[in-house]
Amino acid sequence: MAGLRVDFGLLLEPLGFIKVLEWIFSIFAFATCGGFQGETTLLVSCKGVVNKTITAAFAYPFRLNTVVFSAPDPKYCGGTWTDVYLVGNFSSSAQFFVTLAVLVFLYCIAALVVYIGYKHVYQQNSKFPLIDLAITVITAFLWLVSTLAWAKALADIKMSTGASIIPGIGPCKAPTTTCRFAYVTSMGTLNVSVVFGLLNMVLWGGNTWFVYKDTNLHNQSNRISQSPATYSTQRGI
């Protein structure tokens with residue numbers, strides 16, 4: 001391929017090494033969030049039923065308001081049980097977070113190909129480093145926004161699938177019906193996704209400096225800062 005000069009040694013330099021980390025961390029971010037599946041479980045006692053387990057299975061993108069609990073028995077507790085749905089739709093925050101992670105994953109692949117195969121082209125055209133800098137700054141900001149939004153949504157998901165849901169379930173208020181919370185799937189992997197979101201934000205924010213050093217903005221600032229020193233030396237001579 002014309003112009004291709006592969007140099008894997010560039011991956012050991014700050015720009016290349018950080019880009020690899022960004023690529024890896026983006027994978028963990030969308031995998032830990034997008035691959036989650038869980039369920040919340042109640043024990044129901046009603047007419048003709050004792051401690052019947054009912055479940056509501058939920059997963060990414062966490063449209064909980066479409067998730068219904070299974071019925072305690074075919075007769076729906078003698079007609080006192082109606083369909084019970086979880087509360088809340090957190091798909092916008094979850095999809096924002098996962099979509100950003102996937103786009104970052106794809107961008108990092110493209111950036112690594114350019115960096116290790118076309119570094120000479122990247123350095124010769126001053127527009128490429130500037131574009132890279134703009135994307136880096138914007139991505140760092142988007143990681144901050146998406147992670148905060150997802151962390152808030154995750155806290156609400158835990159509330160909407162935990163023991164606090166029982167007082168809001170209408171059929172459980174029937175005189176002959178009692179409901180007890182059993183368990184909900186551990187959301188440790190979702191907690192990890194928030195951590196990776198924060199790590200991605202730190203990585204992209206820190207990488208801003210290294211990308212900036214490759215731009216002509218940094219070179220211009222260096223020339224400006226060196227000019228007074230050069231002028232003073234000449235006058236001293």
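Analyst: Let's start with a term we will need: a crossing is left-handed if the near helix is turned anticlockwise from the far one by less than a right angle, and right-handed if clockwise. Helices (H or I, at least four residues) and strands (E, at least two) are DSSP runs, numbered from the N terminus. The model is a predicted one, where local features need pLDDT of at least 70 and side-chain atom pairs count only at pLDDT 80 or more, while totals for chains, interfaces and linings use all residues. Residues are numbered from 1 along each chain as its sequence is written, and side-chain values use heavy atoms, with hydrogens and water left out.

First, a quick look at the whole. The chain has seven helices and three strands, and from the N terminus they follow the order α-β-β-α-α-α-α-β-α-α. Of its 237 residues, 39% are buried (under 20% relative accessible area; exposed is over 50% and partly exposed lies in between, with a 1.4 Å probe and protein chains only). Among contacts (heavy atoms within 4.5 Å) with a separation of 6 or more, 75% join residues 24 or more positions apart.

Now to the part I would pick: helix H3, residues 91-117. Let's begin with its partner H5, residues 127-161. The two helices pack at an angle of about 150°, and their axes are 8 Å apart. Axes here are lines fitted to C-alpha atoms, for helices over the stretch in contact, and angles run from 0 to 180 degrees between N-to-C directions. H3 and H5 are therefore roughly antiparallel (over 145 degrees; under 35 is roughly parallel, 65 to 115 roughly perpendicular, and the rest oblique). Their crossing is left-handed. On the H3 side you can find Ser-93, Ala-94, Phe-96, Phe-97, Leu-100, Ala-101, Val-104 and Tyr-107; the H5 residues they meet include Ile-135, Leu-142, Trp-143 and Trp-150. By class, this contact holds 14 nonpolar, four polar and one charged residues. Nonpolar covers Ala, Val, Leu, Ile, Met, Phe, Trp, Tyr, Cys and Pro; charged covers Asp, Glu, Lys and Arg; the others, Gly among them, are polar.

Next comes helix H1, residues 14-34, which packs on H3 at about 150° with the axes 8 Å apart. This pair, too, is therefore roughly antiparallel, and H1 and H3 cross in a left-handed way. Their contact brings together 20 nonpolar, three polar and two charged residues.

What about helix H6, residues 188-213? Its axis comes within 12 Å of that of H3, and the two cross at roughly 45°. That angle makes H3 oblique to H6, and the crossing is left-handed. Phe-97, Val-104, Tyr-107 and Cys-108 of H3 meet Ser-193, Gly-197 and Trp-204 of H6.

Asn-207 sits in H6 and is buried, at 0% relative accessible area. Beyond residues up to four places away in sequence, Asn-207 touches Leu-15, Ile-18, Lys-19, Glu-22 and Thr-136. Ser-160 belongs to H5 and counts as buried at 14%; apart from neighbours within four places, its contacts are Leu-64, Leu-86, Val-87, Phe-90 and Ile-165. Val-6, in the segment before H1, is partly exposed at 48%. Leaving out neighbours within four places, Val-6 is in contact with Ile-116 and Gly-117. Val-6 and Lys-119 are 113 residues apart in sequence, yet their C-alpha atoms are 8.6 Å apart in space.

Finally, some details of the backbone. Most residues other than glycine have a negative phi, and most peptide bonds are trans. The bond from Tyr-60 to Pro-61, however, is cis, with omega near 15°; Pro-61 lies in the loop between strand E2 (49-59) and helix H2 (76-79). In E2 itself, Asn-51 has a positive phi of about 50° and is partly exposed at 40%. Cys-77, in H2, also has a positive phi, about 55°, but is buried at 1%.
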